[in-house]
Amino acid sequence: VTEVRALAAIGRQLTAGAAVDDVLALVLRHAGELLGGRAILLLSSDDGALTTRAATVSDPSRAPTAIDDDLAARLGDVLDGPGFLAAPVVIAGAVRGLFAVGRAAGTPDDEPDGDHAEWLLSALADQAALALERASLDEGTRLRERLLGIVGHDLRNPLGAIVMAADVVLRDHGVEPEVERLASRVQSSARRMGRILDQLADFTQARRGNALPLVPELCDLGDIGREVLGELRTAYPDATLALVCDAPIVGEWDRARIAQVLTNLASNAVQHGDSERPISVSCGTVGDAVTVTVHNHGAPIPRDLQRVLFDPFQRAAQAGLHGSPSFGLGLYISREIAHAHGGTLAVRSSDDAGTVFALTMPRRAPASPVL
Amino acid sequence: MSEDRLHVLFVDRDCPSRGRSVAWLEAAGVHVTTADDGISAWTAVRRERPDVVIAEILIDGLDGLALCRALRSDAAADGVRVLIVSVLAARARAAECGADGFLRKPLAEPALIAAVADVVGGLRVAS
């Protein structure tokens, strides 16, 4: 019972998200108490070198430094006696180290009691492996998000300079047509990069657990829809875009953010829908809430994909996206904007009905953002 | 193998003790090949069809115990005997993953030869 309790206590720390050093310290302490000796956790590198990750030994400098023929002797030395038990630390299927505990004199590990101790040690080594694996995953995630944050922030200034320089060239009426064409290409590409950076900034903010900040103002959903469709008709002259909005629907929302959601949904509809058939954006009310739907015909979104559609980077991972400039962040950010307004963003997609994205939210964005 | 001698695949890091063990086995008339890590051992088993695999646990790629489990679930390795040898105490875990025997390192010549003879039923090993 003591042993099960020890394992349960470690498991609880693991699931509670305790720091890896605390979990390892607990594993070592229980190993010492239950198996009666000092303990050491060694991590191995690909060339067989060993480094001490955690230990309750009297002199860590005597720890083995490589998996070689001296390993047994060095382990016996650092653990104060030739009798010890050791188990591999296996992370993601590969040996990443070993966990060794000294044994009090007179407990040979080939005795029936030895099996028991061996299993216990093995379970403790697995707990340590889990803690280490989680720590390395956490670190990878932190690093990636910090990197995205830095990239998003630091590219903005040089990009601003590019846009400005292109503006200056375009404003000069004397330039050659070829130069003008190139400058306008520079300008539109730089603006697109700017939108990607905006998405990255929104993404890192939302990932840090902060709701996207809103600046609510009194506005009409139909107005926002008209403005967005007007811009999209310029960008996609071949697409048929219809707005269905019979009466003004007025509320307090962040106008730019709602326009961002509609732009994302409608341009997705243009890129992924049937180009021969119209795309409709409809506004309406459902009880106290308001709703905007974006509908397109075309191949339905597979059910598996629907489940993960709003997860970041999902679209980018899907093949056959016709080179769309999407990063796979648009829907994730759109849903975050819906949440910040106290609303939801949902999708329905089928063969007969086509695909509908529905943004539903209260007439008034919550004063303090809701996550 | 076409020859009649017992074939052992010895899986361990390339270290002096592996060299010694290989020499002892060869002196006992065994044909020995080696692999340094679990993954190359697994492909070597499929290619060479040894009679016995002797594997250390602390090897790269696939640890010795995982290698043993992989071999036990692989029809192509049917009938291959597995002997786990390690500096770790792993008798019970070796038995659980289907190994035919376990030897704690450091290895001694008589114990190694006896263990190999034991897992193949005493056949074809000159003692």
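**Exercise 1. Backbone features in chain B**

Locate B:Arg49 within chain B and describe its phi angle.

Solution. Step 1: B:Arg49 lies in the loop that joins helix H2 (38-48) to strand S3 (52-56) of chain B; helices are DSSP runs of H or I with at least four residues, strands are runs of E with at least two, and both are numbered from the N terminus. Step 2: although B:Arg49 is not a glycine, its phi is positive, at about 45°. Step 3: a further backbone feature is the cis peptide bond from B:Lys105 to B:Pro106, whose omega is near 0°. B:Pro106 sits in the loop between strand S5 (101-104) and helix H5 (109-119) of chain B.

The model is predicted, and local features need pLDDT of at least 70, side-chain atom pairs count only at pLDDT 80 or more, and totals for chains, interfaces and linings use all residues. Residues are numbered from 1 along each chain as its sequence is written, chains are lettered from A and ligands numbered from 1 in the order in which they are written, and side-chain values use heavy atoms, with hydrogens and water left out.

**Exercise 2. Helix packing in chain A**

Determine how H1(A) and H2(A) are oriented to each other.

Solution. Step 1: the axes of helix H1 (residues 2-15) and helix H2 (residues 20-35) of chain A come within 10 Å and cross at roughly 175°. Axes are lines fitted to C-alpha atoms, for helices over the stretch in contact, with angles from 0 to 180 degrees between N-to-C directions. Step 2: H1(A) and H2(A) are therefore roughly antiparallel (an angle over 145 degrees). Step 3: the contact (heavy atoms within 4.5 Å) includes A:Ala6, A:Ile10 and A:Leu14 of H1(A) and A:Val23, A:Leu26 and A:His30 of H2(A). Step 4: within H2 of chain A, A:Glu33 and A:Arg29 are 4 residues apart, about one turn of the helix. Their side chains meet in a salt bridge (3.2 Å, N to O), defined as a side-chain nitrogen of Lys or Arg within 4 Å of a carboxyl oxygen of Asp or Glu.

**Exercise 3. The interface**

How many residues of chain B are in contact with chain A, and which salt bridge joins the chains?

Solution. Step 1: 21 residues of chain B are in contact with 24 residues of chain A. Step 2: the count between the two chains is 1 salt bridge, in which the side chains of A:Glu118 and B:Arg93 meet (3.0 Å, N to O). Step 3: over all chains, the count comes to 25 salt bridges.

**Exercise 4. Confidence**

State the overall scores of the model.

Solution. The model scores ipTM 0.80 and pTM 0.57.

Notes. Parallel < 35°, antiparallel > 145°, perpendicular 65-115°, else oblique.
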